[in-house]
Structures are given as structure tokens and as C-alpha cells.
Amino acid sequence: MTAATIDPVTDAMIGTPKDKTPVGTKAAKRLSSRKGAIAVWVIAALWTVPTFGLLISSFRPEEDIKANGWWNWFTSPSFTTKNYSSVLDTTIGAKPFSDFFLNSVKITIPGAIIPIVIAAFAAYAFSWMRFKGRDWIFVGVVALLVVPLQMCLIPLLRYFNSDYFPLNNGVPAIWLAHTIFAMPLAIFLLKNFIGSLPREIMEAARVDGASHMTIFLRIVLPLSVPAIASIGIFQFLWVWNDLLVAKVFGGGAANQPMTFAMVDMVGTKGNEWQLLTAGAFITMVVPLIVFLSLQRYFVRGLLAGSVKG
Amino acid sequence: MVEILKTFATVAFGLAVFVGILFGLYWLASQLPEPWRERARVAVFVGPALLLLVGGLIIPSIYTGRLSLYKGTSATKWYGLGNFRDLFTDSDNLIVLRNTVWWVILATTVSTIVGITIARFADRMRGEPIAKALIFLPTAISLVGAGIIWNFVYATKGSDPDKQFGLLTWLWLKLDPILPGKQEAHYWLQDRKFFGIDSNFLPGTNTIFMIIVIIWIQAGFATVVLSAAMKGVPDDLVEAARIDGATDRQAFFRIVLPYVRGTIITVATTTLIAVLKVFDIIQTMGKGGQFDTSTLANDMYTRSFPLEQPGYGAMLAVILFVAVVPIVWVNARNQRAIREGR
Amino acid sequence: MSTLQLVNLKKTYENGYEAIPSLDLTIKDGEFMVLVGPSGCGKSTVLRMVAGLEDISGGDMLIDDVRVNDKSPQQRDIAMVFQSYALYPNMTVGENIAFAMKLRKVDKATIAAKVAEVGKLLELDKVLDRKPGQLSGGQRQRVAMGRAIVREPKLFLMDEPLSNLDAKLRVQTRAEISRLQRRLGITTMYVTHDQVEAMTMGDRVAVLRRGHLMQVASPQDLYHHPDNLFVAQFIGSPSMNVMRAEVVDGGSGPALKIGAQTLTLDDAALDRIPSLRSMVGRTVGFGVRPEALGDDGTGRLDVLVELVEMLGSELLVHCTIDSPSVRQTDDGIEVGSGMESMIIASMDTRNAIKAGDRVTLTVDTSRIHIFDMETGDAIVKRVDQPVG
């Protein structure tokens with residue numbers, strides 16, 4: 001999916017003027033109906049109930065959670081934040097849950113920034129620098145979109161574990177792995193965007209005396225903010241929500257993100273729902289904030305990223 | 001507090017090293033005399049990406065391909081196509097394969113159909129953006145988080161309906177008087193039979209309940225994309241069909257759906273690839289693939305790492321790769337067709 | 001200040017296409033040189049080679065007698081105005097104008113002073129803090145100009161800078177650019193496909209066709225003494241009437257047989273083209289501009305009026321004459337297929353001519369052009385030049 005095809009989708013999600021045809025006109029009634037609307041709201045409710053139940057439960061005291069369902073909260077409300085404080089102190093592999101939150105931060109910020117930066121440089125080169133075989137190499141990069149990351153797990157882990165490799169298992173290894181796996185798609189999408197910037201602007205900058213680095217930093221990057229934001233947010237959420245890559249490359253529990261801690265907790269504390277609900281909600285907070293505050297970029301990035309191989 | 005500072009120090013240090021190396025190399029390149037300077041600058045721009053792609057994707061993929069022909073804890077014993085034979089002959093492995101096929105079929109079709117339905121009926125409905133946002137919201141959540149949310153829905157505790165905290169079990173037991181037969185407390189995620197039927201071909205109840213989770217996540221994506229596509233259908237077209245005497249339903253099935261055919265293919269193929277690689281849900285809900293819930297991607301991890309059978313794991317990776325290629329190809333062709341005007 | 005010399009300049013693309021086979025052109029210090037020609041003639045390619053945006057395949061390019069073939073754009077000290085203006089959308093007007101100076105590490109106070117000065121000169125002082133997206137077309141064009149002049153470069157390059165303006169603004173801006181260039185005295189190369197722009201703005205005009213230089217001359221010379229059929233018909237609107245004619249012996253001297261009629265040539269014509277005397281019996285292209293037809297002159301041509309266009313300042317009379325037209329095409333000289341052709345006369349508006357009239361047009365024989373039917377070259381007053 002190209003960056004260019006994403007825009008109409010985003011706008012439909014946010015609501016374009018076309019969307020806002022006044023209700024009651026002939027066109028507004030076209031294929032929808034009252035029954036259809038009811039069906040939509042039923043599905044929307046079904047889709048929301050599980051998350052809603054988890055959220056309510058995370059604020060119910062332990063005894064209540066274990067005694068009956070969260071729907072009883074409406075008849076006998078109770079409220080506590082104790083679940084949150086206790087889950088943060090719960091230890092998994094001798095580390096408190098709060099450490100895993102920090103690990104997630106530690107993994108995700110560079111894990112999103114580094115690949116985007118490298119891909120942006122490459123996308124600029126594929127668009128505006130001249131070198132032999134440029135177009136063929138780019139076709140090769142796009143072809144790598146089909147390689148599932150599973151194809152690379154075992155050999156990469158062997159590299160990373162070998163004595164010759166400077167990065168031992170740990171956070172930098174996870175950064176590197178995420179960077180590798182993000183590369184084809186990020187280059188592809190950014191090239192589509194950066195390559196479609198007007199040629200004359202680049203030429204004007206060259207005539208003005210700008211080097212490639214200046215053009216890249218002063219003109220291309222500022223103009224690519226929408227694309228970079230979308231792809232960056234997708235990559236950020238991808239890394240934040242990832243379990244597999246961290247589990248394979250992160251070594252022991254010390255370097256693992258929250259997703260790992262949650263899976264571990266499901267295995268060892270499967271019935272401690274006061275911890276699981278609060279913990280799950282903590283892992284979801286960051287993505288939900290991104291979703292609610294940056295919906296436009298989020299949708300665009302997600303759609304662009306959905307072809308990830 | 002100290003931990004938080006340490007975290008940001010790590011992040012800042014990592015990024016500083018990275019940026020430092022990148023700009024350092026560019027500075028070095030700029031010191032070279034022409035014509036080397038320009039070439040070195042190109043190398044600094046594309047070099048890191050190409051190095052990562054060659055060293056991180058191409059060479060490892062070839063290596064994995066070779067590995068799939070070996071067995072042993074470090075894959076040193078030649079096994080030929082033995083791993084592939086094992087996948088298609090061993091009964092446990094066949095269950096993994098069976099599950100994957102059901103995941104792909106059910107999750108892809110149901111999410112797409114839900115997407116089409118909502119896109120159709122929500123179009124220009126009052127409160128459309130809110131309804132769509134609610135359905136879209138799960139897309140932001142991690143698969144692990146989603147697994148826990150649904151673990152909670154499926155949870156069962158004893159047999160007293162009033163003590164249930166899992167919504168599904170509670171409803172199940174509460175509906176006992178209404179539904180035919182006797183509804184008993186049920187541990188859904190441990191039920192390897194297909195609603196009581198023991199079959200080699202049908203997925204377990206537990207797998208079905210896990211597939212519901214991925215549908216829950218993917219339907220929002222399908223809705224958003226298809227909704228946008230349907231809004232792109234020209235009003236004139238639908239109105240012309242109506243004047244020609246088509247009902248709402250006919251106009252939808254004969255005009256709108258064929259018009260967005262390309263987008264439906266895109267949604268379906270995209271969902272398919274995501275489902276094929278499902279791993280986190282099995283880890284969270286199926287205890288890593290127990291009770292006959294494993295899938296190819298999950299088994300690839302389990303065999304390669306905890307069970308130390310890298311040869312077999314590599315074979316599964318190759319199978320995934322081979323499965324993805326035609327899907328991506330179809331998708332790429334389809335998207336080109338869309339761009340060139342259906 | 002600066003001169004630009006192109007010596008045997010060549011441009012061949014990777015696919016083997018020869019855009020510029022060989023070009024020699026010198027632009028004098030302070031001169032406003034316009035490159036004009038139909039699309040695909042190579043004029044933009046030449047400009048981009050001068051800018052350093054296209055590689056030079058052969059020959060030499062000298063700025064102030066220094067060879068710059070291998071210099072990058074930033075080393076050539078040139079400024080360019082692009083067709084789309086190419087303003088940096090992420091920077092304000094002021095930042096756009098200051099960008100090149102910032103890159104050259106000019107100190108802040110100087111930059112600020114210069115930006116203010118240019119802003120005032122181009123009446124941009126009120127919009128210096130706006131982004132290009134918030135400006136009108138004319139303002140954007142002025143920002144592009146400002147960005148170029150603030151540099152005080154050795155050379156100005158302008159690539160169709162007026163083509164994105166509406167007709168009225170274009171006329172106004174045309175004059176502004178000419179005035180500015182004269183005032184600053186910076187050597188300028190200006191590319192356009194519009195011959196009116198070329199004629200009104202250039203000190204000299206270079207006409208290009210398919211990579212070949214057809215003529216370089218002042219606008220007046222270009223108009224009155226075109227070197228060849230292509231230039232004759234490209235410059236001027238409506239364009240020059242050219243038809244087939246035969247040089248015959250008219251008794252007292254050569255005359256032109258045009259269809260069934262004979263146009264007698266007096267001394268004014270022979271003075272202009274003496275070699276006509278030795279050309280009796282040859283078929284040539286006979287050219288005459290619309291304004292040399294109709295009102296005064298000694299020649300006579302009978303025509304049938306087909307259409308009369310009243311333009312206010314002149315009356316354009318479209319008439320048929322019984323001789324085929326002659327045009328320069330990519331394949332050489334093309335003679336119209338019919339035995340008749342359409343010619344246009346520009347006449348005094350007080351004439352009461354209407355469609356369907358048979359009239360006799362007068363021909364100002366001191367303003368006729370004769371072209372060789374093989375090469376398209378103009379046959380001119382160089383008696384010693386062998387013709388044929």
C-alpha cells in the first residue's frame with residue numbers, strides 16, 4: 001500500500017466534508033437503514049464490552065473481582081487503585097513489573113527512531129542521489145517485503161550470540177533486530193513519499209548551495225513530517241506491542257518488555273485477576289493514548305504498515 | 001526514580017551513538033577529494049540500510065533455507081527433506097497445520113465480512129465516526145493485551161453462575177434455562193474438541209475462541225479500509241441503479257461490492273498474512289500451544305528455541321515464507337490493477 | 001561583472017538521444033539573453049547544463065573565462081528562477097530568501113538587512129513571515145525572484161518564470177523583470193517558449209530548434225532579417241506568410257510568379273535582395289509579414305477575402321491566394337498540398353473589407369523575404385555569397 005493511497009482512507013475515518021452530508025437528504029439515506037444502524041451499534045457494543053470489563057475490573061478490589069463478575073459493579077460500586085500499585089511491585093523473574101514498563105520504553109523509542117532515520121536516509125538516496133544500479137537495488141528492497149521475520153530469527157540469534165558480534169543479547173540486540181525487520185517497508189513507504197516531492201525544490205536548493213545532507217535535513221525532513229509521523233507511530237506501536245522479537249533476542253527477563261512480563265504472569269499468576277487486569281491495562285495505556293490523540297497519523301501508519309512481511 | 005533516569009540515559013545514549021556514527025561517517029566522507037567524496041556520501045546515505053538488508057534479511061534467509069535440511073540441537077545432521085516430511089506425516093504436527101488453516105480461513109473471511117457489513121450499514125449513519133472508532137480501537141492494543149482481555153471473558157470458576165467473573169461463562173450458565181440441553185461450567189480454552197465433536201479435521205473449541213480474538217482485532221482494520229473505499233463509489237452510480245429499479249440490497253451487491261472488489265482483496269490478503277504469523281495469542285491464551293492450540297508461527301518459535309530443534313523450526317519458517325509469497329504477489333498485482341483503474 | 005561562453009557544447013542522454021549536438025553561444029556581461037524555441041528544442045536542457053543540474057556531455061562552458069563543466073551548482077555562483085518557483089514550502093518568505101546566504105555562512109545582521117532590502121524592492125515586506133502556501137501567484141513569483149537577486153550572483157537563470165501567471169499579470173511582471181535586470185546589470189539567461197516574451201525582454205534572442213541554434217540576434221534583427229524560414233515563421237504573430245513563387249524575368253528585371261499572377265519587383269526589393277537578379281528560373285519561398293501587405297507599397301496581389309477579424313488596433317484580413325504555402329517542418333521544407341493557401345494581411349481598421357470581396361493587396365516590396373526551397377535559408381543581401 002502506498003502512502004498516496006492512504007490519505008482518502010484516513011480522511012474517511014476522521015470525517016471529510018463529503019462525510020458530513022446533512023442527514024435527511026436523499027443521498028444520506030442511500031444504502032443504510034435503521035435496522036442496519038442498530039446492527040452496527042450492537043457490533044460496536046460487543047467490540048467494546050471486553051475492554052470495558054477489563055478496565056472496570058482493574059479498579060475493583062481483589063475480593064470483588066474474585067467473587068463475581070464486573071457487571072456487578074453497576075449495582076455495588078467499589079473503587080481502588082491498589083491493583084495498580086501492587087502489580088507494579090509484582091516481581092517476574094526477580095524484577096518488579098515497573099521495570100518491564102521501563103524496558104518497554106527503553107526498547108521502543110530507539111526501536112522506532114533508528115529504523116525510520118536509516119530508512120529516510122536510504123529513501124532520500126533512492127530518490128535524489130545518483131548512483132549505479134539505483135533503481136534495481138530499490139526493486140530488490142521492495143522484493144524483501146515478502147520475507148517473514150521468522151525466516152531470519154535463528155541465524156540472527158546465532159550471529160548475536162557469537163563471540164565476534166559486538167552486541168550481546170539485550171536491549172541493543174532488540175533494537176537492531178527491529179531495525180532490520182522494519183527496513184524494507186519503511187524504505188518503500190518513505191521512498192514513495194520523498195520521491196514524490198517536487199524535483200525543482202531539490203534543484204533550487206542545490207543551486208542555492210545546499211549539499212545533500214543540508215537538503216535532507218533542512219528541506220526533505222521537514223516536508224516529510226506527515227509520512228514520518230505515520231510510519232513512525234506504526235513502528236512505535238509495532239515495537240511496543242511486540243512479543244516475539246524481544247523474546248528471541250532479549251536474552252533473560254532482565255531486558256524484556258511488558259508483553260513478556262504479561263505472558264509470564266498469565267502462566268504463573270493466571271488466577272490473580274486483580275494483577276492481570278491492571279497489568280494488561282498498563283500495557284495498553286500508551287497505545288490507547290496514541291490512538292486517541294493521534295488518530296489521523298495512527299490510521300495512516302497502520303494502513304501503511306499492515307502489509308508488513 | 002533512579003530507574004527512570006537510567007532508562008532515559010540508555011535511550012539517549014543509544015540514539016546519540018547512532019546519530020554520532022551516522023554524522024561522523026558523513027563528515028569523514030566530506031573530507032575525501034572528488035570524485036570519491038560524492039560516492040562516499042551516497043554510501044553513507046544508503047550503506048546502513050543495505051548492510052542491514054543484506055546482513056539481516058538476505059543472508060539469514062538463505063541460511064535458514066539451508067538449516068531446514070538439517071536436524072539436531074544445533075542442526076548439524078543432514079536430514080534432507082525429512083523435516084518437511086515430518087510436518088506432513090506426524091499427527092501432532094498435522095494438528096498444527098490444521099489449526100493454521102482454520103485460523104487463516106475463519107479469521108480472514110469473518111473479519112472481512114464484518115468489515116463489509118459495518119462499512120455498509122454505518123455509511124452516513126448518525127454517530128458513524130464514533131461507532132467505527134470503537135470497532136477500530138482494538139487494533140491499537142497488543143495481541144498479548146488482547147489475549148488477556150479475552151482470557152478474562154472466557155474465564156471459568158466453579159459451576160455457580162453467580163460466582164462467575166468471565167462474561168461468557170456467566171452468560172452460558174445464566175442462559176441454561178432458555179437454551180436446549182444442559183449448560184455446564186466449561187473451561188473453554190482447554191477444550192480441544194470442536195464443540196463436543198472429536199475430529200482430526202475440525203479445530204478445537206479453544207482454537208475457535210482464540211480466532212475470535214484476532215477477528216476482534218482485524219475487523220476494525222477491514223472496516224476502516226472498506227468504508228473509505230465504499231465512500232469512493234460515485235453517488236451517481238448507485239442513484240442510476242436505483243432509478244433502473246434496483247433495491248437497496250441489489251444496488252449494494254451488484255454495484256457497490258463489485259466496485260470495491262480490489263479493496264476487498266487487499267483487506268483479505270493483508271489479514272491473511274497477519275493471521276498466518278499469529279504467535280502472541282497462542283502464547284497468552286493457549287499456554288504456548290498446549291491443548292492442541294499451536295499454529296505454524298507458534299510452533300516455529302517453540303521448536304527453534306525452547307525445544308532446540310532449529311532444523312525443524314527453520315523448515316516451518318520456510319513454509320511460512322512459501323505461503324506468504326503468492327499472497328503478496330496477488331496483493332501487489334491487485335494494487336497495481338487498482339492504480340491503473342480497474 | 002560576468003560573461004558566459006558555451007563552446008561546442010554537447011548533450012547526449014544515456015539512451016543515446018542527442019539533445020544538443022553542438023552549441024556555441026556567448027552571453028556578454030550584463031546582457032539579457034533569451035533562449036526561445038518550441039517545446040523539445042533543448043532550451044531548458046541548455047539552461048540546466050549552465051546551472052549544473054545536467055551533466056555536460058562535451059564541449060566547454062566558461063563563466064568569466066573559467067571552465068566550469070565539472071563544478072557543482074553551488075560552486076558556480078548562479079541563481080535560478082524555476083518555472084514552478086520551487087519555493088521551500090516549510091520556510092517563510094524571509095527564510096526562503098535568506099536560505100542561500102545562511103548556507104554561505106553570511107552573518108545574521110547582513111542577512112537581515114539584505115532580506116529587508118529585497119523585500120522592499122519587490123514589495124514583499126508585508127509577507128516576509130508568511131509561508132509560500134499563503135501567497136498569491138504573483139507574490140510567489142516575486143519571492144522566487146527575490147531569492148535569486150539577493151544572492152547577487154554572476155548569472156541569473158530563469159526557466160519560464162512567467163508561465164504560471166495569468167495573462168494580465170504576465171505582461172506586468174515581464175516589464176518588472178526587464179527593469180530589475182537592467183537596474184542590477186546581472187548577466188541573465190532566460191528560457192521561454194513564448195516569442196512575445198523573447199522579443200520584449202531580450203537584449204538578444206537565441207532561437208533554438210531540435211538542439212540547433214537557428215539564429216542569435218537582437219529582437220529587431222530577428223524580426224526584420226531572419227536567417228531562415230524557421231525563425232521567420234516562429235517570430236511574429238500572426239506569423240509571416242510564406243508561399244511558393246518562381247523568379248521570372250519581368251522584362252525590366254526579375255519578378256515573382258505567384259500562382260497565376262506576377263509580382264513585379266522594384267528597386268526597393270532588389271536593393272534588399274540583389275541576388276534575385278541571378279536567380280531567374282528558380283523556385284523559392286516568398287515571405288511577407290502581414291503588416292507589409294495591404295496599406296502601402298508598390299506590389300500588387302489579387303486575393304479573395306475569406307474572413308475579417310477586427311482587433312481594434314488592426315484589421316486582420318484572411319485571404320486565399322492561388323499558390324501553395326511553404327513551411328519549415330521537422331522533415332525539412334514542406335510545400336502545402338493544395339494549389340491555394342491562406343495568407344493574412346494586417347490593415348488599417350478603417351478599411352471596409354468584408355468576407356467574399358475580391359481585393360488587390362499592396363505589397364511593401366522593401367520588406368519581402370526570399371527563402372531557399374532546399375535549405376530554408378534566407379537569401380539576403382550578400383552579393384558575393386554563392387546561392388544554391
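# Close-up views

**View 1. Burial in helix 5 of chain C.** C:Arg140, C:Gln141, C:Arg142, C:Val143, C:Ala144, C:Met145, C:Gly146, C:Arg147, C:Ala148 and C:Ile149 are the buried residues of helix 5 of chain C. Here a residue is buried if 20 or more other C-beta atoms lie within 10 Å of its own, exposed if 12 or fewer do, and partly exposed in between, with C-beta atoms placed from the backbone. This is a predicted model, in which local features need pLDDT of at least 70 and side-chain atom pairs count only at pLDDT 80 or more, whereas totals for chains, interfaces and linings use all residues. Residues are numbered from 1 along each chain as its sequence is written, while chains are lettered from A and ligands numbered from 1 in the order in which they are written. Helices (H or I, at least four residues) and strands (E, at least two) are DSSP runs, numbered from the N terminus. With 10 of its 13 residues buried, helix 5 of chain C is mostly covered, and what covers those buried residues includes strand 6 (78-81), helix 3 (93-103), helix 4 (108-121), strand 7 (155-159) and helix 6 (167-184) of chain C.

**View 2. The hairpin of strands 9 and 10 in chain C.** Strand 9 (residues 204-209) and strand 10 (residues 212-217) of chain C pair in the antiparallel sense over five bridges, where pairing requires that DSSP find at least two bridges between the strands. C:Val207 has C:Gln215 of strand 10 opposite it. Two residues lie between the strands of this hairpin, in which C:Arg210 takes a positive phi near 45 degrees.

**View 3. The side of chain C that touches chain A.** Chain C brings 17 residues to this contact and chain A brings 14 residues, two residues being in contact if their C-beta atoms, placed from the backbone, lie within 7 Å. On the chain C side, helix 2 (73-76), strand 6 and helix 3 each supply at least two residues, and the residues of that side divide into 13 nonpolar, three polar and one charged. In this division Ala, Val, Leu, Ile, Met, Phe, Trp, Tyr, Cys and Pro count as nonpolar, Asp, Glu, Lys and Arg as charged, and the others, Gly among them, as polar.

**View 4. The contact of chains A and B.** Of the two pairs of chains in contact, chains A and B share the most contacts, with 99 residues taken from chain A and 94 residues from chain B. Helix 5 of chain A gives the most to the chain A side, with 14 residues, and that side divides into 75 nonpolar, 20 polar and four charged residues. From helix 14 (residues 310-339) of chain B, B:Phe321 is in contact with A:Val147, A:Pro148 and A:Met151, leaving aside its neighbours within four places in sequence. B:Phe321 is partly exposed because 18 other C-beta atoms lie within 10 Å.

**View 5. A:Leu190 in the largest nonpolar core.** A nonpolar core is a set of buried Ala, Val, Leu, Ile, Met, Phe, Trp, Tyr and Cys residues joined through C-beta atoms within 7 Å. Among the 305 residues of the largest one, A:Ala119, A:Ala122 and A:Leu190 touch the most other members, and helix 5 (residues 97-128) of chain A gives the most to this core, with 20 residues. Beyond its neighbours within four places in sequence, A:Leu190 is in contact with A:Ala119, A:Ala120, A:Ala123, A:Ala227 and A:Ile231.
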